[in-house]
Amino acid sequence: MTRSLRLVWVYPDLLSTYGDRGNLLVLERRARLRDIAVEPVFVNSDQPVPRDGDIYLLGGGEDLPQVLAARRLRADGGLAAAADRGAVVFAVCAGYQLLGHEFGGADGEPTAGLGILDIRSGRGERRAVGEIVADVDPALGVPALTGFENHQGVTRRGPDAVPLAQVTLGTGNGDGTEGAYAGRVLGTYLHGPALVRNPGLADLLLGWVAGPIRPLPAERDELALTLRRERLAAAAP
Amino acid sequence: MNKLPLRARLATSVGGAASRVSRLAGRGDGSVIGGVIGLRLEPGLLAMLAQDRQVVLVTGTNGKTTTTRLVTAALAPLGEQIASNAFGANMEAGMASALGQAPGATIAVLECDEKYIPSVLAATHARVLVLLNLSRDQMDRAAEIWLLARRWREAIAAAPDVQVVANADDPLIAWAACEAPHVTWVAAGQRWHDDSWCCPRCGSHLRRADDDWKCGECSFSRPPVRWALSGEDVIDPAGRVRPLDLALPGRANRSNAVVALAVAEVFGVGVVHALRGLRDVTSVAGRYTTVERRGVAIRLLLAKNPAGWLEALDVLRPPPEPVMLAVNAQVPDGRDTSWLWDVDYRRLRGRQVFVGGERRTDLAVRLEADDVTFEIVDGVDEAVDRLRHGRLEVIGNYTAFQQIRTALGRAA
């Protein structure tokens, strides 16, 4: 790499509800352990979104901040432009929903999203709160997702988005699938620090921008893998 | 008290007996069970028990238990008996139980869970409502905090006589209280800003300069304050500066103390007298207590959410003082440990750090990401045995803290 990898955290002032910083910290750590230089970039909602980032991260948010974030991102145009030229976008929960064509606003009313992922979300009957486990699309070569979901969204995909995973425990999109991706734009209902328990997914994103990456030395990966095992075992029926 | 209808008197005495049985059986401190049984017999019990008493309700995400204790101490110079749910049992049953056990009390200082404020404010016709702060907390079961603030606004609008004592430094609190006819604004500080970047009224960016804040677009701004915390001192309404000199450690407790002084003012207790009471408080429901364990002096701190951890880390004695962190994720803690990633642990570098609790692996992964070295332990005694002497600071979240108190034999 001739320059640092730019990790852009989009709107931490609006889209950071519960531990979303974790995704940035995990990507940073896993890149540095492979001698890949990284530069975290924090972009608040009163600043323009840079168009030359490598990985864009969007977190979760309450209803009103989500509506505001969608409005400002549409007006700014930077994120859509970056996604257009092939940058990686990783979005969780409210961030995932607003990548789509529409989502449910503060009173459930349809609200325009960014339209960079072919999904539409609305509000479901009841809130999905708890551990979630899902088998990832084999095409991605990533082990099962483990995480926590806390949302009332129901998400349908159009023909241009593929399910990220199939739910084995929990709710996800509401139709047995979980998350969605298209090219290098990827979203999930696993909320907050989703990459912490899913280092394979973190490495997939890093590999998309940094090319083939080597595995971490076992002792550097041990704790995260222990945590994965613990949580998967605790979630097993 | 004798004016209570027969049914309520029966509910109170049956509840009181259950409390005593619960304590004798060693099942708890008896602060809830009596109220639960009493409320089952008479759903209007809380309103009946609160009748003819001057009630102070204390709520907010952090500092409820400590502030309740401090307000009680600040009102001590009145010489009246005061009812209080001093052990943090802050739902209706805990409040009813506290009132039922103190029939002669003319004043009640009640800690109230954030969600229950609308019903409890209506039931008790409280004289004072204390609003401390709002920040993210146990998101798997608590309401989103903006919605909470909106419900408080509606509850306050329906209780126009209540004197609100509110923290002007927390924009969400200011929004919740700003339409109330009677507000004592207190500059109690806000260490945690990550839930208040945007205007609660219009959603635009808040502009901050030192402690001041105002919306960049609408007219919403920090209200002028009557009481202020300034470093180690309190500034009273006359502008006089006095050192607080509390026995309790930390900025958060100085903040709680200034709020307590503002409540005391409502009751006509002067700042000099009220301060004397505040300075006598040394521990609150086991928090800040120092316990000797096999040659190690352990100080216990409780932190339940990111804002609370930020304040607890502030309280720690400087490095290399060893620290043990303990985290659980039982229902009262919140089942979700994501919040660990909202806390900046880099400040623990350069200390010996022990990691315990049922979710110690989650915590260990978090510390690893912050380049903090740590040792995993099975319980507080393992940390004590590795240290053998000196001091140990322990920070735990709710049930982890209770487990450690139990392990230390309730001496704590």
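1. A residue is buried if 20 or more other C-beta atoms lie within 10 Å of its own, exposed if 12 or fewer, and partly exposed in between. Val129(A) has 19 C-beta neighbours inside 10 Å and therefore counts as partly exposed. It should be kept in mind here, and throughout this note, that the model is predicted. Val129(A) belongs to strand β7 of chain A, which covers residues 119–136, and its C-alpha atom is separated by 4.4 Å from that of Asn150(A), a residue 21 positions away along the chain.

2. On chain B as a whole, the secondary structure comprises 14 helices and 17 strands, and 55% of the 412 residues of the chain count as buried. If one takes the contacts in chain B between residues at least 6 apart in sequence, 69% of them join residues that are at least 24 apart.

3. The domain assignment divides chain B into domain 1, residues 6–279, and domain 2, residues 290–407. To the contact between these two domains, domain 1 of chain B brings 16 residues, while domain 2 of chain B brings 14. The side of domain 1 of chain B that touches domain 2 of chain B is made up of seven charged, five polar and four nonpolar residues.

4. Turning to the contact between the chains, chain A supplies 28 residues and chain B supplies 22. Which element gives the largest share of the side of chain B that touches chain A? That share, six residues, comes from helix α12 of chain B, residues 360–369. By class, the side of chain B that touches chain A has ten nonpolar, eight charged and four polar residues.

5. Helix α12(B) also packs with helix α6 of chain A, residues 218–235, at an angle of about 155 degrees and with the two axes 9 Å apart. Because angles over 145 degrees count as roughly antiparallel, α6(A) is described as roughly antiparallel to α12(B). The crossing in which α6(A) passes α12(B) is left-handed.

6. As to the residues that make this helix contact, α6(A) contributes Leu223(A), Ala224(A), Thr226(A), Leu227(A) and Glu230(A), and α12(B) contributes Thr361(B), Asp362(B), Ala364(B), Val365(B) and Glu368(B). Sorted by class, the contact of α6(A) with α12(B) contains five nonpolar, three charged and two polar residues.

7. Some backbone details of chain B deserve a check by eye. His125(B), although it is not a glycine, has a positive phi of about 45 degrees, and it is found in the loop between α6 (117–124) and β4 (128–131) of chain B. Is His125(B) partly exposed or buried? With 16 C-beta neighbours inside 10 Å, His125(B) counts as partly exposed.

8. Arg294(B), a residue other than glycine, likewise has a positive phi, with a value near 45 degrees. Its place is in the loop that runs between β12 (290–293) and β13 (296–302) of chain B. Arg294(B) has 11 C-beta neighbours inside 10 Å, and so this residue counts as exposed.

9. Finally, the peptide bond that joins Pro319(B) and Pro320(B) is cis, with an omega of about 10 degrees. Pro320(B) is placed in the loop between α11 (306–315) and β14 (323–326) of chain B.

Notes
Residues numbered from 1 in each chain as written. Chains lettered and ligands numbered in written order. Predicted model: local features only at pLDDT ≥ 70, side-chain atom pairs only at ≥ 80, totals over all residues. Domains from an automatic or database assignment. Contact = placed C-beta atoms within 7 Å. Nonpolar A, V, L, I, M, F, W, Y, C, P; charged D, E, K, R; others polar. Helix = DSSP H or I, 4+ residues; strand = E, 2+ residues; numbered from the N terminus. Axes fitted to C-alpha atoms, helices over the stretch in contact; angles between N-to-C directions. Parallel < 35°, antiparallel > 145°, perpendicular 65-115°, else oblique. Left-handed = near helix turned anticlockwise from the far one by under 90°.
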